[in-house]
Amino acid sequence: MSRQQLARRIIHWLLTVAVIVYLLTGFGITQYRIVEPLTFGLLTKNLAHRIHINLEIPFIILVVLHIWLLPLLRRFKLKH
Amino acid sequence: MLAVLCLVFVGTLPLWVGTGWCDTGGLAAVEVREYEGVDLSSISAFRENSIRGPQEIDVGSYRLRTTGLVASSTSYTYDEVLNRYQHYKKVVTLDCVEGWSVTILWDGVLVRDLLAEAGPLENAKVVIFHAYDGYTTSLPIDYIMDNDILIAYKMNDVVLPPERGFPFQLVAESKWGYKWIKWITEIELSADAGYRGYWESRGYSNSADLDEGFFGD
C-alpha cells in the first residue's frame, strides 16, 4: 500500500468515526432520555454536548482533507 | 461494512426514538403570532426536552407552595394565584442550550409578588424552584427581585398546554433554557448559595447567563 493510499484510508476512517460520533452526540443532546440508558449512562447530555462542540473543528478539517487530499497530493507529486 | 452498519444505525435513530417535537394539536391556530410589532414564534416551535416527558397536572388538586426561609409558608390553588396577583405581559425569548430559540408573549404573575406575601427572611439567598416531575433549578433572590421575573400561565394568549408546563412555567429572561422550569409546584427560599439544580449538578453553569457559556462554574 502506497503512502498516498494509506493517508487516504486513515482520513476516510477518521471521518467515518467523526461522522458517527457527531451524529450520536447530537442525539445525545436532543434525545438524551433515550441515548443515556442505551449507552448505560456513559453518554450523558453534558458529555455529549462537550464532545459535539469540540468535534466541530476536527470534523471540518477531516471533511476538507477528505475532499482535497488526493488533488493536493497529485499536484504536489507533479511539481516534484 | 462495520462503518456502513454504524451509519445506518445512527441515521435511523430518529425513526425509532421519535422526533422529540411536541404535538400541540390545533393550538397553533388560536395563538397570537404578532404582538406590538414583534413577530412571535409558534408554541409548536418548542422542542420537548424535559427530564420525564410532559406532565399532566390535575388543576383541582394543584397547589403552588412557597416554603423555606419565609415568614409564613403559603399554598395557593391555581385560581388563587391567578386571582390574587396582578398580571403582566412580556415578550421574552427562550434560548435553549441545544441551539434553538423561541420568542413568545408570556402572561404571568411576578415571582416577587408571590414571595412578598410569604415574607422572605433576611438570610434567604437563593430561590429554588421545584417541578412536578422532580426537576429543580435555582436563581439568586436578587435576580428574582430586581428583574420582574414571571411565572407564566399563558403563552401567545393560550393557556399553557401540559407539554409546555401547565400550570406555570418560569420566564427566566436572560438565562439559558434549563432555568425556565415547567410544571412549578414549589418555590423554596434557601440560604444555600451553592445549591445546584438538575442540570446544574450535571455540569451546566449555575449562573446560566446568556452572555456566558453554559458549561461549568
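Which residues are buried in helix α4 (residues 111–118) of chain B? They are Val111(B), Leu115(B) and Ala118(B). A residue is buried if 20 or more other C-beta atoms, placed from the backbone, lie within 10 Å of its own. Seen down the axis of α4(B), its buried residues fall within an arc of 55°, so they line one face of the helix. The arc is that of the directions from the helix axis to the C-beta atoms. An α-helix has 3.6 residues a turn, so residues three or four places apart point the same way.

This is a predicted model: local features need pLDDT of at least 70, side-chain atom pairs count only at pLDDT 80 or more, and totals for chains, interfaces and linings use all residues. Residues are numbered from 1 along each chain as its sequence is written, while chains are lettered from A and ligands numbered from 1 in the order in which they are written.

The buried residues of α4(B) pack against these elements of chain B:

| Element | Residues |
|---|---|
| β3(B) | 64–68 |
| β4(B) | 74–76 |
| β6(B) | 101–110 |
| α5(B) | 141–146 |
| β9(B) | 150–155 |
| β12(B) | 184–190 |

Packing here rests on contacts, with C-beta atoms placed from the backbone within 7 Å. Helices (H or I, at least four residues) and strands (E, at least two) are DSSP runs, numbered from the N terminus. After α4(B) comes Gly119(B), with a positive phi near 80°.

Now the whole chain. Chain B has 5 helices and 12 strands. Of its 217 residues, 32% count as buried. Take contacts in chain B between residues at least 6 apart in sequence: 64% join residues at least 24 apart.

Note on methods. A residue is buried if 20 or more other C-beta atoms lie within 10 Å of its own, exposed if 12 or fewer, and partly exposed in between; C-beta atoms are placed from the backbone. Two residues are in contact if their C-beta atoms, placed from the backbone, lie within 7 Å.
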